[in-house]
Each structure stands twice: as structure tokens, then as C-alpha cells.
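Visitor: I have not looked at this one before. Can you take me through it?
Guide: Go ahead and ask.

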Amino acid sequence: MLRDGFDSILWLVVGLVFLGMAVAALVFAAMAREDAYRAAEKQTKKFWLILLGINLVLNLLLPMLFLQIAGLIAAIVFMVDVRPALREVSGGGGRGGRGGGGGSSSDGPYGPYNGGR
């Protein structure tokens, strides 16, 4: 009996982690600008919103492990590949040692503005 309780708690925690990742990825995808997706040369915002939205709905309505794992993979790909690329082209990559810190006052959303030179 103790094992049944542990298994139930374990599956609840796993389900909540999958659901949390789905929600976080969908929120970050929705907050990014459409032009940032094109500038980062990633799939469109609409593509990611549909994919991550389906993931969230499946996590809520159809808790089947195979579908949850497939959705988790999509959310992880977004979080570790697409989101950092979007932040970089949007000028939001202020963490870490990349580039030595902030840019100049003439920097635009896609790099330094050179005045048409």
C-alpha cells in the first residue's frame, strides 16, 4: 500500500513538472515579438504557439505519458534553442559573459546602427 501512495505522488509530481514546462514555454513564446522569430531564423511565432498550445491542452486533458513526453521535448527545444535566439536578436541577452555587457546607445534590435554607411 505504501508503494501505491508513493507511485501516485511521483506521477503527480512528474505531471506537474510537465504541465509547468508547457505553461512556461507557451508564455515565453507568446511574449516574444513575431519579427524576432524571423530574425533568429526559427519557425514562426504561430507555429510555436500552436505546437506549445496543443502540448498544454494534451497535458491538461489527456495525461498519456507518450504524448506528455513528446510535448515536453517540444517545450525543451523551445526553451533551450528558440528562446535564447529570440532573446539575442531582441537585445534581451544581458546575462552571462557574452559580449562583455550592454551595447551602445546606437544599437538597434538587430545590432549596431551605422547610419546607412
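Visitor: How many aromatic pairs does the structure hold?
Guide: It holds 2. Rings of Phe, Tyr and Trp (its six-membered ring) pair if their centres lie within 6.5 Å; planes under 30 degrees apart count as stacked, over 60 as edge-to-face and the rest as tilted.

Visitor: What kind of pair do Phe47 and Trp48 make?
Guide: Their ring centres are 5.4 Å apart and the planes stand at 85°, so this pair is edge-to-face. Ring pairs also link Phe47, Trp48 and Phe78 into a cluster.

Visitor: Before going on, where do these numbers come from?
Guide: This is a predicted model, in which local features need pLDDT of at least 70 and side-chain atom pairs count only at pLDDT 80 or more, while totals for chains, interfaces and linings use all residues. Residues are numbered from 1 along each chain as its sequence is written, and side-chain values use heavy atoms, with hydrogens and water left out.

Visitor: Back to the pair. Is Trp48 buried or exposed?
Guide: Trp48 counts as buried because its relative accessibility is 7%. Phe47, at 36%, counts as partly exposed. Buried means under 20% relative accessible area, exposed over 50%, and partly exposed in between (1.4 Å probe, protein chains only).

Visitor: What does Trp48 touch?
Guide: Leaving out residues up to four places away in sequence, Trp48 touches Tyr37, Gln43, Gly53, Ala74, Val77, Phe78 and Val82. Contact means heavy atoms within 4.5 Å.

Visitor: Which residues of the largest nonpolar core touch the most other members?
Guide: Of its 15 residues, they are Ala25, Tyr37, Trp48, Leu52, Phe78, Val82 and Leu86. A nonpolar core is a set of buried Ala, Val, Leu, Ile, Met, Phe, Trp, Tyr and Cys residues joined through side-chain atoms within 4.5 Å.

Visitor: Which elements give two or more residues to this core?
Guide: Helix 1 (2-31), helix 2 (34-39), helix 3 (45-61) and helix 4 (65-90) do. Helix 4 supplies the largest share, 7 residues. Helices (H or I, at least four residues) and strands (E, at least two) are DSSP runs, numbered from the N terminus.

Visitor: Which residues of helix 3 are buried?
Guide: Lys45, Trp48, Leu52, Gly53, Asn55, Leu56 and Asn59. Seen down the axis of helix 3, they fall within an arc of 155° (taken from the directions from the helix axis to the C-beta atoms), so they line one face of the helix. The face turned away from that buried side carries the exposed residues Lys46 and Leu61.

Visitor: Asn59 is on that buried list. What does Asn59 touch?
Guide: Not counting residues up to four places away in sequence, Asn59 touches Phe18, Leu19, Ala22 and Gln68. Its relative accessibility is 9%, so Asn59 counts as buried.

Visitor: New topic. Where does Glu41 lie?
Guide: Glu41 is in the loop between helix 2 and helix 3. Its phi is near 55°, a positive value in a residue other than glycine. At 73% relative accessibility, Glu41 counts as exposed.

Visitor: One more. Which residue lies over the face of Phe28?
Guide: Arg83, at 3.6 Å from the ring centre. A charge sits over a ring if NZ of Lys or CZ of Arg is within 6 Å of the ring centre and within 35 degrees of the ring normal.
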